[in-house]
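Welcome! Please open the sequence and the 3D structure side by side and try each exercise before you read its solution.

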Amino acid sequence: MRRLVAALTTCLAVVSLALPAFARAETQDQKEQQEKIDKLAKELEALKKEVKRTEDKSLGRWLTIGGDYRFRIDSLHGEVPNYFQYLGPTAMPAAVPGYKPTNDTLMTNRFGLNMKAKATQDVTISSRLLMYKTFGMQTAQATNAGFFADRSSVLDGTVGHIPLDNTLRVDQVYATWNNIAGQPIWFSVGRRPSTGGSPTHLRQDNDRPGSAGVPGLLVDYAFDGATLGFAPEIDALPGAFGKLCAGRGFEAGYDVSPQTGGTKSLLKDTDMLGVSLVPVDIDPIRVDLQWNRGFNIFDNPNNVGAQLGDIDWFGAGVLSTLKEVGPGNLTMFASGGLSITHPNGNHALLAGLNSPDSGAGLLVNGPDKSSNTGYSVYAGLRYDLPSGTKIGGEYNHGSEFWIPFVPAADDMWTSKLGTRGNVYEVYLIQELPLAAIASFTSKTFFRLGYQYYDFTYTGSNNWVGAPVKISDLSASPMNAQMFAPLKSAHDIYATFEVKL
Amino acid sequence: MLAVVGLATSSLALGGVAYADEIKMVGVITHIEISGKDAKTATATLKDNKSEKQVDITVNDSLTLDKFKDHRIVEGDEIKCRYEVKGGKNVSAYFRKTAGC
């Protein structure tokens, strides 16, 4: 017993002597571990900040890149009836026998590069660069064959939209200031997205334009201008927005009237002002209402000699997508437009300032200064199947005096929506079932289409001179035409398109 | 122009009365959580432009859900949103891309 007590006492003594040292060692370890943890935490925090800094600077955070490529082949056949060719104000018109212009295979390349950069909070810069050329050519000669004013030369607002050469040009570039004063108000200025507006995006298989753009029936032209927009939150009017838009179609430059001896400038700026109201914009229904006025409309945008007056445009459109109509989705649209001219009595000059008078004004000839009203209707549908097949059909009719501002439209003969007569189009789009990589909406598709133009009056897409009924062209030299008039035209086209 | 101003005025008036219990925010979508094509609800995480806080928004309306499914609204899009807190969730009453062009 005594031994046991002695042994226990000895053990306790040894343990009691060892414990403080052990405890001290353990405290030291904990301290070191804590220091390590603190150091690691600091390093982790620094790493997080570094990652955030890198993320903040990364391109993906502020820059979005997209674009598209399109190969297109057109087979074009037309018919020019007997007519009188205008040869100038002092020459007798020449009788021209009818003929059938054809181009069996016209091939084109079009490449678009889109960039959207978030510069600061609420401010972005959007741009679209375009290259569009004919196979085997670096000129616009093949497509600008002299049948229609909008295809007789490449204009400021059509460059990039009509085949020209392999230069990558700025089609759009504009800065947008959004959420002004914390309200759904935006201001945007630059070269506008005023081409390819609703509902023309359907046959191009493009995305719905949203609050950008203008109704396609009235305007399809690359304007430099500005927009002030407002998108209120009204539960009864989902997606509603309104915009005040302005664009400049021609800059007249300095006023040099004293030097030219006149009392006022010979030329004025050509401007466009518009109000766009979309009271509702959701999948089942989108309604758009538009008013535009063009001031001091030029005679020839590439060589302005005179300005012929003003034009008012009014438009209304409905677009509706119904889901699960049978196996697919059905999209339908109908648009109507009105154009009212206000001639000022000036005549177009034949080749710019101080050149001979053509004798033709704003949809009038000679001394006539009458205001003329034209109208147009445009309707169509597209049925989208789950297989990626989209079948569409469109029809538009323009009256004798119909004159929209749509020369940048994606049609080879002439912008179909500016046609004075009837145009029928059917198309089939087949998207390929390939996984998207570049973006969620990337796609590759083929498109096959056919357009038939049935012209009733001359001067489609031309605001110079009075229209003449096609059937009256050969009746009198007084009905002479500057451009070879087409009675009908066909275009069978196919495309291979890739959208990033 | 008058029409635009009229539209603006009426909407501001409506906004002040109808949405008293709702919270408004503008933010960028950082994440979308949706369960397949047949999903009847989704959660979008928005980074508030002002506070930089991440806010989960529950989206139940079919038009917005369709946009998620069709990728018409994707991560990175800036959204103007109005929501109400219901049962601990921020339930969307208005969810659209910020307008502008």
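**Exercise 1.** Find which residues touch the most other members of the largest nonpolar core.

*Solution.*
Step 1: Recall that a nonpolar core is a set of buried Ala, Val, Leu, Ile, Met, Phe, Trp, Tyr and Cys residues joined through side-chain atoms within 4.5 Å. Buried means under 20% relative accessible area, exposed over 50%, and partly exposed in between (1.4 Å probe, protein chains only).
Step 2: The largest core has 36 residues, and Leu308(A), Phe405(A) and Trp463(A) touch the most other members.
Step 3: At least two residues of this core come from each of strand E12 (309-325) and strand E16 (421-431) of chain A. The greatest contribution, three residues, is that of E12(A). Strands are DSSP runs marked E of at least two residues, numbered from the N terminus.

A word on the model: it is predicted, so local features need pLDDT of at least 70 and side-chain atom pairs count only at pLDDT 80 or more, while totals for chains, interfaces and linings use all residues. Residues are numbered from 1 along each chain as its sequence is written, chains are lettered from A and ligands numbered from 1 in the order in which they are written, and side-chain values use heavy atoms, leaving out hydrogens and water.

**Exercise 2.** List what Trp463(A) is in contact with, leaving aside its neighbours within four places in sequence.

*Solution.*
Step 1: Contact means heavy atoms within 4.5 Å.
Step 2: The partners of Trp463(A) include Ile297(A), Phe298(A), Pro301(A), Leu308(A) and Leu363(A).
Step 3: Now look at another core, which lies apart from the largest one and has 18 residues, including Leu76(A), Tyr83(A), Tyr132(A) and Phe455(A).

**Exercise 3.** Is Leu363(A) buried or exposed, and where is this residue found?

*Solution.*
Step 1: Leu363(A) is in the loop between strand E13 (328-343) and strand E14 (373-384) of chain A.
Step 2: Leu363(A) counts as buried because its relative accessibility is 1%.
Step 3: Check the backbone: Leu363(A) is not a glycine, yet its phi is positive, about 60 degrees. Most residues other than glycine have a negative phi, and most peptide bonds are trans.

**Exercise 4.** Look in the loop between E7 and E8 of chain A and describe Asp205(A) and Pro199(A).

*Solution.*
Step 1: Asp205(A), although not a glycine, has a positive phi of about 60 degrees.
Step 2: With a relative accessible area of 2%, Asp205(A) is buried.
Step 3: Pro199(A) is joined to Ser198(A) by a cis peptide bond, with omega about 5 degrees.

Terms used:
Helices (H or I, at least four residues) and strands (E, at least two) are DSSP runs, numbered from the N terminus.
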